[in-house]
Amino acid sequence: MNPHRDPRHIEDMVRKYGTPLYIYDTKVLQSQAVSLQDALGGAALYYSLKANPNKHVVETLRKAGCRVEVASKGELERALEAGYSPTDIIFIGPGKTVEELRRASEVGIQYFVVDSEDELQLLSEQTTVREILLRVNPDFEASGGKLTMSGGKPKQFGVERAQVGNFVGRARKLGLDVVGLHYYLGTRFLEASDLVQNTKSILEDAREIQRETDLELRMLDMGGGFGIPYFGVESDLDLNLLKTGIIDCIKQARAWFPKAELAFESGRYLTAECGRLVLQVLTTKTSYGTRFCVCDGGTNLNMAAIGVGGIGKRNFPSWCVRFDGDSTAKLEAGDQPVTVTGPLCTPDDVLLKDVQWSMVPKRGDLVVLDNVGAYGPSASPHSFLGHDYPTEVVV
Ligand SMILES: *Cc1c(COP(=O)(O)O)cnc(C)c1O
């Protein structure tokens, strides 16, 4: 759901808050959370807080029924501030400090997802935790996806598949019980059939592990990677198709793992479409035939624009608002190519290349990027060149 483009709203917000400005829409967050949970056939959905740590965003997703997945002490504190009960929090990540392990253990989070033997040792020495989840680095290929993590390749994440049995034994010796498994195969899957296929592969792998190690799963986190369309050629994930396939998977999982809580995770799907970035044009110029429009924010606020996170160097959906005091015009698609950059002193700071609007923006106009609610400022080098964290407003 791409929120309605209303130039007057953008103008009002900029008058109140200035630019650069991130605007997050809670209605979109709620509707994404409701529709994704509906498609997951009763499995729990954990919000991956790294996608957007804004407190009100986190709070909105909590109220919409999501649990939460954190990967640092900062994220843990943020989840708690946003009202999460510790028992709805899992802690993931390939490297956790002693301080993080202790703090999360003291507040009583639901589970740690363990990635290494060092971590087993630390948990057993430094905390009172006795039950953990193990992250599996599986040896099968994920199908689809723009940034995949699987395929039996070397990774800092998880325990390689062939070592899982030993790892469970090692944990037992240290007084720790592996009570569940965690998988995450990658991100930006847009085909429901790929997500269903990957979930099936995960179920089969988990069943094998259950057999090999004779553990009885109490939790199975099947990851996610639910994509949203960023570019013209991409289309929405078909949630009806996803639901049909996932319901079958859930039935299978309940038969194979009768005691297990079933879960998925999502960051991007829940937050990307709720967010807009509004920038103001500082200057325009023509250089060797290319029209440039330099704004007061750039890749320092939206690093994904240069291809981070499995996103190719392509233009995010964008539009432009004439901002000249009393009239507001929305400049939509047209035939005047312009390249939009930020203010950074590096040629990489290009947000939109040869975007075509109906008019060439001028100084003072507003450039709006849509679908940037996930992996925005917190995932960007916002302080590069001494710039500030942008204002964030939740409406
Ligand atoms: C980042 C991450 C996610 C979230 O991925 P999205 O593509 O934003 O949904 C989920 N699980 C793990 C383990 C992650 O590292």
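**Helix packing, ligand shell and backbone features**

Ala192, Leu195, Val196, Thr199, Lys200, Leu203, Glu204, Arg207 and Gln210 of H8 are in contact with Leu241, Leu242, Gly245, Ile246, Cys249, Gln252, Ala253 and Trp256 of H9, contact meaning heavy atoms within 4.5 Å. By class, this contact of H8 with H9 has ten nonpolar, four polar and three charged residues; Ala, Val, Leu, Ile, Met, Phe, Trp, Tyr, Cys and Pro count as nonpolar, Asp, Glu, Lys and Arg as charged, and the others, Gly among them, as polar. The model is predicted, and local features need pLDDT of at least 70, side-chain atom pairs count only at pLDDT 80 or more, and totals for chains, interfaces and linings use all residues. Residues are numbered from 1 along each chain as its sequence is written, and side-chain values use heavy atoms, with hydrogens and water left out.

The axes of helix H8 (residues 192-213) and helix H9 (residues 239-256) come within 9 Å and cross at roughly 10°. H8 is therefore roughly parallel to H9. Axes are lines fitted to C-alpha atoms, for helices over the stretch in contact, with angles from 0 to 180 degrees between N-to-C directions; angles under 35 degrees count as roughly parallel. Helices (H or I, at least four residues) and strands (E, at least two) are DSSP runs, numbered from the N terminus.

The ligand is surrounded by 13 residues, the closest being Lys50, Thr187, Glu265, Arg268 and Tyr375; a residue is included if one of its heavy atoms lies within 4 Å. This shell has three nonpolar, five polar and five charged residues. Polar contacts are pairs of N or O atoms within 3.5 Å. An N or O atom in the Thr187 side chain lies 2.3 Å from an oxygen atom of the ligand, and a polar side-chain atom of Lys50 is 2.8 Å from a ligand oxygen atom. Gly267 places a backbone N or O atom 2.8 Å from an oxygen atom of the ligand. Of the 390 Å² of accessible area that the ligand has on its own, the protein covers 94% (Shrake-Rupley method, 1.4 Å probe).

Tyr375, one of the residues closest to the ligand, has a positive phi of about 55° although it is not a glycine. Tyr375 is in the loop between strand E19 (366-370) and strand E20 (391-394). Leu385 lies in the loop between E19 and E20 and has a positive phi of about 65°, although it is not a glycine. Thr19 and Pro20 are joined by a cis peptide bond with omega of about -10°.

Note on methods
A polar contact is a pair of N or O atoms within 3.5 Å; within protein, one must be able to donate a hydrogen and the other to accept it, and residues adjacent in sequence count only if both atoms are side-chain atoms. Angles under 35 degrees count as roughly parallel, over 145 as roughly antiparallel, 65 to 115 as roughly perpendicular and the rest as oblique.
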